[in-house]
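Q: Could you take me through this model, starting with its secondary structure and then going on to helix packing and pockets?

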Amino acid sequence: MTRALTWRAGTQAGRRWLAPAVWLLLLLAACLGMAQLEGLFRLVEPDSRAVVYARADFLVLLGRHLLVVGVAGLLAILVGVGAAVAVTRPGGRDFLPLVAQLASIGQTFPPVAVLALAVPVLGFGTLPIIVALVLYGLLPIVRNTLAGIEGIDPGVREAARGMGMTGGQLLRQVELPLAAPVILAGIRTSVTINIATAAIGATVGASNLGDPIISGIVNGNTAYVLQGAVLIGLLALTVDSLFARLQSRPVR
């Protein structure tokens with residue numbers, strides 16, 4: 001009986017990871033097999049000399065795209081969660097409206113405008129797009145972290161304090177674990193949006209999956225645009241389904 005329950009639990013756990021695995025396999029297949037679809041893209045661009053983007057390997061562009069989004073996401077998480085936690089402490093509550101407003105302002109600035117302002121200071125390359133993505137990705141993380149921590153039942157905090165927990169222990173062992181699903185939802189939104197937004201980095205020399213899109217727009221080649229868009233879409237679906245599986249895990 002125990003063995004059957006264990007097998008069933010393992011099967012259910014495997015099924016939960018099926019969607020991310022399928023999307024990942026499709027993404028890798030698209031990167032490796034794009035040249036095999038030349039005939040299909042020739043239907044879209046019959047008059048173009050080249051219909052498959054060949055200036056850089058798609059796997060290389062995928063790796064660069066993941067690096068930019070990953071670094072920006074990590075910085076946004078550190079800044080966003082850290083700021084939200086700080087303003088929910090007794091000594092920082094006066095700054096809560098300011099932090100929320102600053103995070104909102106960061107997203108109201110179009111990433112293209114941030115790039116235009118950042119390039120003269122930081123130069124061309126990856127750094128300007130990382131700055132733009134961090135600013136653009138802060139709002140969902142800050143907002144959800146505030147909502148998650150503020151939404152905890154005050155009785156839970158009182159019970160934890162009654163057990164002799166310090167402020168740090170209360171945060172680490174009670175507040176953050178209980179708020180984790182809401183915080184993770186904000187991180188999920190931020191990262192998924194930035195996967196698509198990162199494509200504009202190609203306009204300032206940050207090579208990623210936006211390269212085929214920008215090249216297609218400049219040269220009037222719709223096939224290039226489709227290739228970049230499909231790969232970015234598959235990457236977004238892979239990451240989003242991965243976050244969905246993480247969110248479905250029970251809080252311990």
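A: Helices (H or I, at least four residues) and strands (E, at least two) are DSSP runs, numbered from the N terminus. On that basis the protein chain has 11 helices and zero strands. This is a predicted model, where local features need pLDDT of at least 70, side-chain atom pairs count only at pLDDT 80 or more, and totals for chains, interfaces and linings use all residues. Residues are numbered from 1 along each chain as its sequence is written, and side-chain values use heavy atoms, with hydrogens and water left out.

Q: What does the C-alpha trace span along its principal axes?
A: The C-alpha trace of the protein chain spans about 75 × 60 × 20 Å.

Q: How do α4 and α9 pack?
A: Helix α4 (residues 58–87) packs on α9 at an angle of about 140°, and their axes are 10 Å apart. Axes here are lines fitted to C-alpha atoms, for helices over the stretch in contact, and angles run from 0 to 180 degrees between N-to-C directions. The two helices are therefore oblique to each other; angles under 35 degrees count as roughly parallel, over 145 as roughly antiparallel, 65 to 115 as roughly perpendicular and the rest as oblique.

Q: Which residues of α4 and α9 meet?
A: With contact meaning heavy atoms within 4.5 Å, His65, Val69, Ile77, Val81 and Val85 in α4 meet Leu171, Leu176, Ile183, Ile187, Val191, Asn194 and Ile195 in α9. The residues of this contact divide into 10 nonpolar, two polar and no charged. Ala, Val, Leu, Ile, Met, Phe, Trp, Tyr, Cys and Pro count as nonpolar, Asp, Glu, Lys and Arg as charged, and the others, Gly among them, as polar.

Q: And at what angle does α8 pack with α9?
A: The angle between α8 and α9 is about 160°, with their axes 11 Å apart. That makes α8 roughly antiparallel to α9.

Q: Which residues are involved there, α8 against α9?
A: Val156, Arg157, Ala160 and Arg161 in α8 meet Leu170, Val174, Glu175 and Leu178 in α9. Five residues of that contact are nonpolar, none polar and three charged.

Q: Changing topic: which residues line the largest pocket?
A: A pocket is an open set of points on a 1 Å grid over the protein atoms alone where a 1.4 Å probe fits, with protein on both sides within 12 Å along at least five of seven lines; lining residues have an atom within 4 Å of a point. The lining includes Arg89, Glu150, Arg157, Arg161, Leu170 and Glu175.

Q: Which helix gives the largest share of that lining?
A: Helix α9 does, with three residues.
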